[in-house]
Each structure stands twice: as structure tokens, then as C-alpha cells.
Amino acid sequence: MFNGKKVKTSKWMSSAGPDGEIVLSSRIRLARNIKGLPFPYLASDSQTEEVKKQVYAIYQDKALSQQFGNMSFLSMHKLSPLERQVLVEKHLISPMLVKENHNAAVLLSDDEAVSIMINEEDHIRIQCLLPGLQLEQALAEANRYDELLEEKLDYAYDERWGYLTVCPTNVGTGLRASVMVHLPALSITKQINRVLSAIAQVGLAVRGLYGEGSEITGNLVQISNQITLGQSEEEIVKNLFGVTRQIVEQEAQARQVLLNEGRDRIADRVNRAFGVLTHAWLLSSQEAMQLLSEVHLGIDLGLIKEIKGEVIKELMVLQRPANLQLMAGQSLDAFERDRIRARLFRERLAQ
Amino acid sequence: MLCQECQKRVATVHLTRIINGEYTEQHLCEQCAKNKGEFDFSHNPFSLQSLLTGLMNVDSQTLMGFTPKKLQCNNCGLTYAQFGQIGRFGCSECYQAFGERLVPILRRIHGSTQHVGSEPRRAGGAVKLRRNIEELKQQLQRLVEEEKFEQAAVVRDQIKKLESRATDGGKKDV
């Protein structure tokens, strides 16, 4: 059934990382633009092509591969819609990069930890995505690429406003730091809204898993900084790190409460989820995410021992529509996807 | 209530900010508020309206249809009015073109109007130097206020040294 392409495992999916039971990934994004060139939404095709050419020249330069190893330069218009969507579902590129214009491209590191988006909202967006709570490491990594790029590109920078960006909400550092946290116990114990509104009050943004406005699926929440001007990169990252650590503590406490006050009940719940996941014949994406969340919790609590958390983390991505279709090697309608999805879980979680 | 700044005129501008959970309140007269760059009333008789129009809305003049002089970026052609509508800049030069009008907007978004993070190395040197001098001057003022004159003299000499370097273009600091 899965005789299409194999989906490569990105670095953030391949291991748990520090605090990996609760923090699934850490992401750093730097927005950069080239001085004087109109921003992508206003630029002519030849102007966006100019941006792409400049980055392509860096890609071909030996300095890049010497320092960072092999990278791939992927032009969006050369990829099939399905291949593009797979990159979005793996969080390697933004949905916007797919929509923007035909000079959109991405420069992707071999381990898929770093992606440099070209002609997204800004001319350049450097992203580093790592497993677990590793914001400082991700920032350091993104900075290394940034330094290499700035040697060749004439960045738009102003002494007062910092890095100049398309949207005034990104100006200054151009830095968006975010973590994806898995909070099933806070959700089960009905504390999640209290925690999330507290986060919003300290100037951080909270979103459901797949970007703006989406509902919280699978108890996954993304937390990110909002302010980019007047704080240094280190402050921004430190602040988010501190808040994330507190959330980790809260979730860990809630998990302990679940174990202490109703071990059998929670064991029943997560193992039922495991049972459905390994035996169902039809599974919607929504239901699958909920089940995967509960099984992940079961693994974290030592109530499910047969599989590792990373396997579940990877399945959260593989079960999404484009990934499924790429693996199946054919386009599938919603019903077929539900069938293939259930089969994916049966096969991957069997042993 | 009297203005916190001048202590003379009646405070008519009351500004409450909550940034990162930190709550600050300011009570200023119109003139001091203008001097501080909090709000610009000079061309704008509809001050209340300018406070109420949303974060990215154009100022009341453009809303009323009077645009005395069309404010536009020469590089990409985006007008200030368009910027107000779409909330996005057209190119890096827009920041220069729209100038001081951006100050209240960015302050409301970020609670700050000065970048303090990293900078491209090629912009390096000069910028860093100027920022160092700024910091030393603040330090100097504190020391003088605390009557620590010996330390203040040391800092003053440091400032002099840096300032002479800044006039050389700041190249040596790279």
C-alpha cells in the first residue's frame, strides 16, 4: 500500500531532545530583507528572481558546503503541489511560501533542521527547528547561517529600527522564537485555559498546532514571542525559555496528579487509545491526533512500554494528508485517506 | 491633575501601557506628550479620534480625505495611506520615508522604538561605537548624581576616547 516515496525524517522528529516528553520542538525564525528591493508581495517577477539568484549564488559557493555540509535548493514551482504540502506538514516551510509567487524557494539543510525560505513574506527567512526545548541552540544555529548570508547579501538594516521587515510586527530582531508543547494532562485536568491565558498575559502568543486561528488539536500548543523591537535576541529567547520551563513544570505536576489520584483510570484511557490506534480500520486526522496525544502521554507515564515517544511524534506528521498521499504514491480522497491512515498506524505500531 | 513632566499644565493625556505584564501609567499635558513623541497633535485637531483609530489605521487627516502632502516612498511608490490600509511596508526605504510617523505605531506594537539586538557585521563598528558612547554617557550621569566624581572622570575620559574614534568612522572597532 505504501509504495510511493518514503518521507524523510526531519531532525525535530527523529529524537525527543531535552524536556522532550512535553516540548516536542523549538523553532527560531529570522526575517531578513535585501536593501532597496521591493518586498516580495510588491516586487516584480524579475525582482523576486534577483533575490532567488543571490541566494542561489551562495548555495553554489564552496563556503556554504564547507561550513554546513550538503544543502538542497528547492524551487517551489519545480515541486508538485503534494511535495510542497509535505514540507508544510513537516513544518519545514510556511504555508505562505507555497502560496506566494513562482520565485519562492527553500534552501534546506541535509538533516532538515535548517530551512532558508526565499521570497516568503520577507525576502529571506531563516528557520531552525530542533527537537525538545533547545531555543538557545536553535538561535545559535540560525545565527551561523545568518552570518554567512550577510557576508554576501546587503541586508536592510537601520540603526534605530534594526532589521527592516515587511510587517511592522517583525521589525527589530526579526526574530520569532516558538516552542511546540504537548499538554494532555493540563487538558484532562481542565487547567489548560488558565495556563494559556496566563501565557497571553506575559506578552507571548499562543496558538493551536497548525498556525493561526486553528483549533487546538491533539493537545498541542505553540507559544511564541510577539515583541521583536527593544529586546535583544538573547532576552527574547531567555524569556520564552523561562515561561516554557514553567509550563513544563505545570504539565509535569498535572501528570503526577493523574497518576497519584487515578492510576488505573489513566492507564485505562491511554491503553484504550492505543487499542483503537492499532486496530481501527478508518481514522480521521482529528481523531488520530487525539489518540496519538493520549498514547504519547501513556508512553511518558510509563503506562505504554512497547513504543517510543519519537515514533508517535513522527506519526503525528506522517498521518497528515499530503504525507499519506506521498507515501501511498497516489492522490486519495478523504475516505481513502482515513483507511490508509488507520493502516499506517496498524503497520507502524504493530510489532 | 498636573502634568508629570512640567508640573505646570493640567494633564490631559493619560497613557496606560501593559507590556509583558508590566503596568505603567503616564499623565501628561498635550505639550509634554508631544515633546516626548507619545502623540503628535500638531497637524491633527482630532486627538481623541487618533487615539481610538486602531493600531495600524491611518491618522485622522487621511481618514477625512485631506492629505496635505502625499507621503510616499520614492523607492517603491507605496504611500503612507496604503501602508495604513495594508499594514505592510513596501520596501526597506519606506521606514526612512515615513519617518517619525512610525514612532507611535511601533511603540504601540512593541513598547519600544529602539532596536537593541544584533546587527549585521558590516553595519557593525560605527553603530556599536555610538551605542557604547550612549551607555557610557548614562553611566556618567548616574555617577555624577551619586557624587562619585573620581569614577566619573574615568568614564568621561573613556567617552572622549570613543568619540574621537567615532569621528574616524568607527572602523577600528570592527
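Author: A:Arg255 and A:Glu251 form a salt bridge, with their closest N and O atoms 2.6 Å apart. A salt bridge here is a side-chain nitrogen of Lys or Arg within 4 Å of a carboxyl oxygen of Asp or Glu. The model is predicted, so local features need pLDDT of at least 70 and side-chain atom pairs count only at pLDDT 80 or more, while totals for chains, interfaces and linings use all residues. Residues are numbered from 1 along each chain as its sequence is written, chains are lettered from A and ligands numbered from 1 in the order in which they are written, and side-chain values use heavy atoms, leaving out hydrogens and water.

Reader: Why are A:Arg255 and A:Glu251 separated by about one helical turn?

Author: Because they lie four residues apart in helix 9 (residues 233-279) of chain A. Helices (H or I, at least four residues) and strands (E, at least two) are DSSP runs, numbered from the N terminus.

Reader: Are A:Arg255 and A:Glu251 buried or exposed?

Author: Both are buried. Buried means under 20% relative accessible area, exposed over 50%, and partly exposed in between (1.4 Å probe, protein chains only).

Reader: Which partner does A:Lys5 meet in a salt bridge?

Author: Its partner is A:Glu83, at 2.8 Å from N to O. This pair links distant parts of the chain, 78 residues apart: A:Lys5 is in the segment before helix 1 (11-14) of chain A, and A:Glu83 is in helix 4 (residues 81-89) of chain A. A:Lys5 is partly exposed at 48% relative accessible area, and A:Glu83 is partly exposed at 23%.
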